[in-house]
Amino acid sequence: MAAEEFSYHAPEELIAQRPLENRGASRLLHLPAGGEPRDLRFADLPRLLEPGDLLVVNDTAVIPARLFGARKSGGRVEMLLERFLDRNRALAQLRANRSPRAGQELIFEGGATARVAGREDAFFVLEFDRDLDEHLRRHGHVPLPPYIRRPDRSADRTDYQNVFARHAGAVAAPTAGLHFDDAMLGALTGHGVEIARITLHVGAGTFKPVTARQIQEGELHRERMQVSGGTCGKIEACRRRGGRVCAVGTTVTRALETAASDGEIKPFHGETRLFIMPGFEFRVVDMLVTNFHLPESSLLMLVCAFAGRQRVLDAYRHAVEQRYRLFSYGDAMLLEKSGRSA
């Protein structure tokens, strides 16, 4: 398998740069297990689910994880946090004209100084002169994806956050959840759909292209996650009553399938490196709400594994023809598991 097998044309003008004014006003492309794609509205979601189904959401909260600065010797630097190592040490991406060397000092907004202590693969280990979490809350920027070609603004602090966000730690939003508001959650529960939560803190690695080595080894960047005993119990009860498990986003899918890696869903608290690609056997998820993803990305590979590569790519071409809005602030899909991954 090669990344090029998951390519499609994503016109620049369809890449959403801002969210819709109303979260629930987006379009929804429904890809049933059999049949052609259906052009719907996100407001149609409750009628596509059935009483007794279980909707699983990711309650991670995005932190302002981007800082701008410069080398002490000169030259601009941009930091995107991957994860905290302790209160003043972090693993991060750095963007600069020249890659910083170990021992160099960087100066960031708000007067924070960091020393480059080393590297872990594509990430840098940084040692700050202060509590980094507190500094980011005061001076950090919302880590909008690189395809959103504008500076972050104050409204992004709420726009780029799910309504069910509880636990801070993500450096990117689980964007399938951005379509939900309190009215939609009320409509779903009123329809008899139960809601459960997992926590997966999305890392900066989600923006990095898939390498041939990752495909060969079947492992991706690490992300911290937790699936509780309560959520496992809700999934088991859903199965007993004949309901379906609908994951809100690829992050939820990755978390649930990690927790069921030995064949049975169990509580899990730790890191996952699970790479879901065609050929993967899904043990938990029956339906998937997700956005449209970048060509050749690990997220698109997961979606293709779930609903069939050619069917998904055909649906993407349909979405482009119908002028759906793409990526994080774009429109949504609802996919049903196809039973095949080719």
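Biologist: Is phenylalanine 306 buried or exposed?
Modeller: This is a predicted model, where local features need pLDDT of at least 70, side-chain atom pairs count only at pLDDT 80 or more, and totals for chains, interfaces and linings use all residues. Residues are numbered from 1 along each chain as its sequence is written, and side-chain values use heavy atoms, leaving out hydrogens and water. Buried means under 20% relative accessible area, exposed over 50%, and partly exposed in between (1.4 Å probe, protein chains only). With a relative accessible area of 1%, phenylalanine 306 is buried.

Biologist: How many aromatic pairs does the structure hold?
Modeller: Rings of Phe, Tyr and Trp (its six-membered ring) pair if their centres lie within 6.5 Å; planes under 30 degrees apart are stacked, over 60 edge-to-face, and the rest tilted. On that basis, the number of aromatic pairs is 10.

Biologist: Take tyrosine 147 and phenylalanine 327: what kind of pair are they?
Modeller: Tyrosine 147 sits in the loop between α2 and α3 and phenylalanine 327 in the loop between α9 and β17, so the pair ties together parts 180 residues apart in sequence. Both residues are buried. The ring centres are 4.9 Å apart with the planes at 55°, so the pair is tilted.

Biologist: Which arginine lies over the face of tyrosine 324?
Modeller: A charge sits over a ring if NZ of Lys or CZ of Arg is within 6 Å of the ring centre and within 35 degrees of the ring normal. Tyr324 belongs to an aromatic cluster with Tyr8, Phe292 and Tyr316. Over its face, at 3.8 Å from the ring centre, lies arginine 27.

Biologist: How many residues of helix α7 are buried?
Modeller: The helix covers residues 250-259. Its buried residues include Arg254, Leu256 and Glu257. Threonine 251, also in α7, counts as buried at 10% relative accessibility. Out of 10 residues in α7, the buried number is 10.

Biologist: How many residues are in the largest nonpolar core?
Modeller: Such a core is a set of buried Ala, Val, Leu, Ile, Met, Phe, Trp, Tyr and Cys residues joined through side-chain atoms within 4.5 Å. Those with the most contacts inside the largest one are Tyr160, Leu256, Val312 and Leu335. Leucine 256, for one, is in contact (heavy atoms within 4.5 Å) with residues including Val56, Ile198 and Val245, leaving aside neighbours within four places in sequence. The residue count of that core is 69.

Technical notes:
Helix = DSSP H or I, 4+ residues; strand = E, 2+ residues; numbered from the N terminus.
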